[in-house]
Amino acid sequence: MSVWKQRLVRSLHVSRGHADARYFQIATVDGEGRPDSRTVVFRGFDEQDPLALLTVTDTRSEKVQHLLGRPVVSVAWYFRKTREQYRFRGTAELRVDASCSVDKTATSIVVADVSDIWERLSDAAREQFFWPRPGAPVTDTVESPKPTPGVSPNFAVLCVTPDDAQYLDLKGKPQVRERFTRTDDGWDTEIVNP
């Protein structure tokens with residue numbers, strides 16, 4: 001296990017009683033080359049690549065459109081209790097159910113069994129995937145459709161595979177900042193100025 005993941009697992013454990021520790025910011029790049037950031041919920045590490053971070057998204061969202069064109073992301077994650085910050089840059093893969101309505105020919109799309117993560121969501125979280133399209137204007141005439149059995153065709157698991165990670169310990173004296181770069185043999189580590 002890489003050093004940065006050991007630290008991240010410890011930060012998650014120590015902060016487990018703080019709801020805000022489950023949220024991180026993820027940025028994508030739009031079609032004009034501008035960054036676009038939003039907050040998402042951490043859903044665990046990937047079983048296939050234990051260093052990859054998982055979250056979920058609506059396939060109709062802007063972030064999915066960004067990732068279909070350019071599957072790169074940047075993540076910033078701050079742990080208030082431990083005063084630690086993690087930053088990741090890497091690639092994104094969208095895992096969707098076979099019934100998903102998104103274009104499955106895009107290189108960032110993989111048809112996979114996503115039902116295990118779908119089932120772990122709360123009823124309220126699952127219901128959101130049946131609402132009208134995210135970011136669309138609200139109208140009084142549109143009713144939210146009722147959930148149907150099975151995985152929503154608008155549901156995707158977003159898998160972030162880091163190729164660059166940074167760790168910053170803000171509580172230390174002096175503060176410690178390390179950069180981790182993925183190589184063919186593992187991860188190179190470099191201590192850098194905070």
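Start with strand 1 (residues 23–29) and strand 2 (residues 35–41), an antiparallel pair held by seven bridges. Strands here are DSSP runs of E with at least two residues, helices are runs of H or I with at least four, and both are numbered from the N terminus. Two strands count as paired if DSSP finds at least two bridges between them.

Before moving on, a word about the model: it is predicted, so local features need pLDDT of at least 70 and side-chain atom pairs count only at pLDDT 80 or more, while totals for chains, interfaces and linings use all residues. Residues are numbered from 1 along each chain as its sequence is written, and side-chain values use heavy atoms, leaving out hydrogens and water.

Stop 1: Select V29 and you will find P35 of strand 2 opposite. Five residues lie between the two strands of this hairpin, and G33 takes a positive phi near 85°.

**Stop 2: the largest core.** Now select W4, L8, I26, W77 and F88. These have the most contacts inside the largest nonpolar core, which has 32 residues. Such a core is a set of buried Ala, Val, Leu, Ile, Met, Phe, Trp, Tyr and Cys residues joined through side-chain atoms within 4.5 Å. Buried means under 20% relative accessible area, exposed means over 50%, and partly exposed lies in between (1.4 Å probe, protein chains only). Among the elements giving two or more residues to this core are helix 1 (3–14), strand 1, helix 2 (62–69) and strand 5 (72–79).

Which residues does W4 touch? Leaving out residues up to four places away in sequence, they are L51, Y86, F88, P162, A165, F180 and W187; contact means heavy atoms within 4.5 Å. Another core, of 14 residues, lies apart from the largest one and includes W118, L121, F129 and C159.

**Stop 3: L53.** Go to strand 4 (residues 53–58), where L53 lies. L53 is buried, with a relative accessible area of 0%. Show its surroundings: beyond four places in sequence, L53 is in contact with L8, F42, G44, F45, W77, F88, L158, C159 and V160. L158 is 105 residues away along the chain, yet the C-alpha atoms of L53 and L158 are separated by 8.2 Å.

**Stop 4: S61.** In the loop between strand 4 and helix 2, pick out S61. This serine is buried at 7% relative accessibility, and its side chain reaches the backbone oxygen of D58 at 2.8 Å.

Stop 5: Finish with strand 8 (155–169). Strand 8 runs antiparallel to strand 9 (residues 176–183), joined by six bridges, and the two form a hairpin with six residues between them. Select Y167 to find E178 of strand 9 opposite. From strand 9, a hairpin of two residues leads on to strand 10. Strand 10 (residues 186–192) pairs with strand 9 in the antiparallel sense over seven bridges; select R182 and look for its bridge partner, W187.

Technical notes:
A polar contact is a pair of N or O atoms within 3.5 Å; within protein, one must be able to donate a hydrogen and the other to accept it, and residues adjacent in sequence count only if both atoms are side-chain atoms.
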